[in-house]
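Please look over the sequence and the model first, and then take the topics below in turn.

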Amino acid sequence: SWLLKVIMFVQSLLLIYGGYYSYEFAPMGEWMKDFFGFTRNHYDRLGHFTQGFFPAILYREMFVRNKATNGKFWTETFVFAACLAFSAVFEIVEFGAAYIWGSGADAFLGTQGDIWDAQNDMFMCAIGALASIACLRKSHYRILDKLQKLKGATSQTPQQQ
């Protein structure tokens with residue numbers, strides 16, 4: 001859908017920006033740090049929020065288009081679970097990097113001395129997924145319904161119409 005294309009593009013820009021500057025030193029995070037009086041650069045937290053918010057659209061679209069779930073309740077339950085599962089895998093990769101490279105992984109991890117970084121990252125992903133479900137669910141279902149109707153109309157032969 002057009003919504004999925006837009007949000008994946010925005011997600012890509014946010015990830016590229018964070019990767020370019022290293023999340024710990026991203027200028028937008030420094031601005032937030034100064035403006036809100038944070039003790040650390042929270043661009044990483046924004047990244048994990050979006051890791052739940054934007055992929056929720058992707059997962060919903062996959063589940064609905066493939067008829068993988070039975071009803072909207074189960075679709076949204078699995079959307080939330082899929083966002084958290086991906087985030088958990090990412091945190092395990094970060095753990096592996098920290099284990100293998102020790103302090104050399106600090107620039108990649110961007111924990112900034114936070115011993116609860118993995119838990120905070122997962123929590124931000126959960127908040128992002130729930131926010132996406134709450135804010136975009138209805139409009140996304142409308143978009144998917146329109147696409148399904150359009151697909152049904154174009155897949156009919158002229159004799160069926």
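A residue counts as buried when its relative accessible area is under 20%, as exposed when that area is over 50%, and as partly exposed in between. The model is a predicted one, and its chain holds seven helices and zero strands.

**Overall build and confidence**

- Read along the sequence, the chain follows the pattern α-α-α-α-α-α-α, and of its 161 residues 34% count as buried.
- The mean pLDDT of the chain is 85, and 87% of the residues reach 70 or more.
- Confidence is highest in helix 4 (residues 55–65), at a mean of 95, whereas it is lowest in helix 6 (residues 106–109), at 56.
- Where pLDDT is low, the predicted coordinates should not be read in detail.

**Aromatic rings**

- A pair of aromatic rings is described by the distance of the centres and the angle of the planes.
- The structure holds 12 aromatic pairs, and one of them joins Tyr 20 and Tyr 21 edge-to-face, with 4.9 Å from centre to centre and 90 degrees between the planes.
- The two partners of that pair fall into separate accessibility classes: Tyr 20 counts as exposed because its relative accessibility is 66%, while Tyr 21, at 36%, counts as partly exposed.
- Another pair is formed by Trp 31 and Phe 35, whose rings are stacked at 5.1 Å centre to centre, with 15 degrees between the planes.
- Trp 31 and Phe 35 are separated by about one helical turn, because they stand four residues apart in helix 2 (residues 27–36).
- Ring pairs also link Tyr 17, Tyr 20, Tyr 21 and Tyr 43 into a cluster.
- A charged residue takes part in a further ring contact, in which Lys 72 lies over the face of Tyr 141, at 4.5 Å from the ring centre.

**The largest pocket**

- The largest pocket has a volume of about 350 Å³, and 14 residues line it.
- Which of the lining residues lie nearest the centre of the largest pocket? They are Val 64, Arg 65, Lys 67, Leu 144 and Gln 148.
- Helix 4, helix 5 (72–101) and helix 7 (117–155) each supply at least two residues of this lining, and helix 7 gives the most, with six residues.
- By residue type, the lining of the largest pocket divides into five nonpolar, four polar and five charged residues.

- Lys 67 is found in the loop between helix 4 and helix 5, and Lys 67 is exposed because its relative accessible area is 65%.
- The phi angle of Lys 67 is near 50 degrees, which is a positive value in a residue other than glycine.
- Although Leu 144 and Trp 2 are 142 residues apart along the chain, their C-alpha atoms are separated by 9.9 Å.

**The start of the chain**

- Ser 1 is found in the segment before helix 1 (2–21), and it counts as buried because its relative accessibility is 13%.
- How many residues separate Ser 1 and Glu 61 in sequence? These two residues are 60 residues apart in sequence, and in space they are 8.2 Å apart, C-alpha to C-alpha.

Key
Residues numbered from 1 in each chain as written. Predicted model: local features only at pLDDT ≥ 70, side-chain atom pairs only at ≥ 80, totals over all residues. Heavy atoms only, no water. Phe/Tyr/Trp six-rings, centres within 6.5 Å; stacked < 30°, edge-to-face > 60°. Buried < 20%, exposed > 50% of the residue type's maximum accessible area, 1.4 Å probe, protein only. Lys NZ or Arg CZ within 6 Å of the ring centre and 35° of its normal. pLDDT = per-residue confidence, 0-100. 1 Å grid on protein atoms, 1.4 Å probe; cavity = no way out; pocket = protein on both sides within 12 Å on 5 of 7 lines; lining within 4 Å. Points joined across faces, edges and corners; volume = space filled by probe spheres on them. Nonpolar A, V, L, I, M, F, W, Y, C, P; charged D, E, K, R; others polar.
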